[in-house]
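User: Hi! I would like to learn how to read a protein model feature by feature. Could you take me through one?

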Amino acid sequence: MQYAGNVLQEKSESDQKVELNEGLRERLFEILFRFKVTPGIDWDGSFDEEKFRSWMDYVKTWSRKNDRYEVAMHTVGSGLSYAELDECSLPEEAIIKELNEAENNELRRGYYLGVVNQRGVHSVDPEGKVEMKLAEDYMNRADTAESKGYSRYADILREIAEQYRQEADYNIALAGKNSVSPTQV
């Protein structure tokens with residue numbers, strides 16, 4: 001389906017249109033673009049792996065059928081970045097397994113973007129300490145995931161760590177360029 005204003009349009013040869021009322025349209029927006037609830041979480045906050053698997057299977061099937069797989073997996077991956085973490089700073093094992101599947105590149109890409117975007121607007125540390133600490137944290141998570149046999153998930157955690165390390169290097173270099181040495185005064 002294709003979203004056009006307040007009308008969902010089929011992407012097939014038929015030109016069917018479905019009118020959405022204002023409330024439903026807003027609710028769909030919240031689900032698709034502010035997705036922060038991990039599928040499989042019950043009202044009491046406990047994780048149900050079977051519900052998670054069933055939901056993932058449904059979303060994959062639907063998104064492939066409707067030619068929305070890449071966008072759906074980016075959105076879902078971003079949402080999975082909000083999953084609660086255990087004492088090792090890793091999400092539920094079922095989530096890690098899903099992110100680790102060979103065919104889930106788009107899901108991992110969404111997860112990466114979700115993690116990086118969660119940081120939001122932040123001040124620049126000219127010494128790069130905050131970013132280096134984040135890089136170290138994600139490298140440790142990657143090592144833990146790797147030791148449990150989740151190499152693809154570990155790779156995406158290493159990419160996140162590298163992103164933070166590069167940001168630290170950039171901030172340090174930028175601070176060095178902008179500082180005035182005593183000999184320049």
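Analyst: Happy to. Let's begin with burial: a residue counts as buried when its relative accessible area is under 20%, and as exposed when that area is over 50%, with partly exposed in between. Keep in mind that this is a predicted model. Here, buried residues make up 32% of the 185 residues in the protein.

User: What is the order of the elements from the N terminus on?

Analyst: The elements run β-β-β-α-α-α-α-α-α-α from the N terminus. That gives seven helices and three strands. As for contacts between residues at least 6 apart in sequence, 57% of them join residues at least 24 apart.

User: How do I read the angle between two helices, and at what angle do the axes of α2 and α3 cross?

Analyst: The angle is taken between N-to-C directions and runs from 0 to 180 degrees. Angles over 145 count as roughly antiparallel, and 65 to 115 as roughly perpendicular. For α2 and α3, the axes cross at roughly 155° and come within 8 Å, so these two helices are roughly antiparallel to each other.

User: Which residues of α2 and α3 meet?

Analyst: On the α2 side they are F52, W55, M56, V59, K60, S63 and R64, and they meet Y69, A72, M73, V76 and L80 in α3. By class, this contact divides into nine nonpolar residues, one polar and two charged.

User: And what lies in the loop between α2 and α3?

Analyst: D67 is found in that loop, between α2 (49-65) and α3 (69-80). Its backbone is worth a look: D67 is not a glycine, although its phi is positive, about 55°. S89 is another such case, a residue other than glycine with a positive phi near 65°. S89 lies in the loop between α3 and α4. With a relative accessible area of 25%, S89 is partly exposed.

User: Let's move to α4. How is α4 oriented to α7, roughly parallel or roughly perpendicular?

Analyst: Helix α4 (residues 93-100) and helix α7 (residues 151-178) have axes that cross at roughly 85° and come within 7 Å. The two are therefore roughly perpendicular to each other. I96, L99 and N100 of α4 make the contact with S151, R152 and Y153 of α7. That contact has three nonpolar, two polar and one charged residues.

User: How is α4 oriented to α5?

Analyst: Helix α5 covers residues 105-118, and its axis comes within 8 Å of that of α4, crossing at roughly 120°. The two helices are therefore oblique to each other. E98, L99 and N100 of α4 make this contact with L107, R108 and Y111 of α5. Sorted by class, the contact of α4 with α5 has three nonpolar, one polar and two charged residues.

User: Which residues does E167 contact?

Analyst: E167 is found in helix α7, and a relative accessible area of 18% makes it buried. Beyond its neighbours within four places in sequence, E167 is in contact with R119, H122 and E131.

User: And how accessible is A154?

Analyst: A154, in helix α7, has 0% relative accessibility and so counts as buried. Setting aside residues up to four places away in sequence, A154 touches A142, A145 and E146. The C-alpha atoms of A154 and Y138 are separated by 9.1 Å, while the two residues are 16 apart along the chain.

User: Finally, how should I read a pocket, and what is the volume of the second largest pocket?

Analyst: The general idea is that rolling a probe the size of a water molecule over the atoms shows where empty space is left. In this model, the second largest pocket has a volume of about 300 Å³. Its lining counts 19 residues, and F47, E84, L85, P91 and E92 lie nearest its centre. By class, the lining divides into eleven nonpolar residues, two polar and six charged.

Technical notes
Residues numbered from 1 in each chain as written. Predicted model: local features only at pLDDT ≥ 70, side-chain atom pairs only at ≥ 80, totals over all residues. Heavy atoms only, no water. Helix = DSSP H or I, 4+ residues; strand = E, 2+ residues; numbered from the N terminus. Parallel < 35°, antiparallel > 145°, perpendicular 65-115°, else oblique. Contact = heavy atoms within 4.5 Å. Nonpolar A, V, L, I, M, F, W, Y, C, P; charged D, E, K, R; others polar. 1 Å grid on protein atoms, 1.4 Å probe; cavity = no way out; pocket = protein on both sides within 12 Å on 5 of 7 lines; lining within 4 Å. Points joined across faces, edges and corners; volume = space filled by probe spheres on them. Buried < 20%, exposed > 50% of the residue type's maximum accessible area, 1.4 Å probe, protein only.
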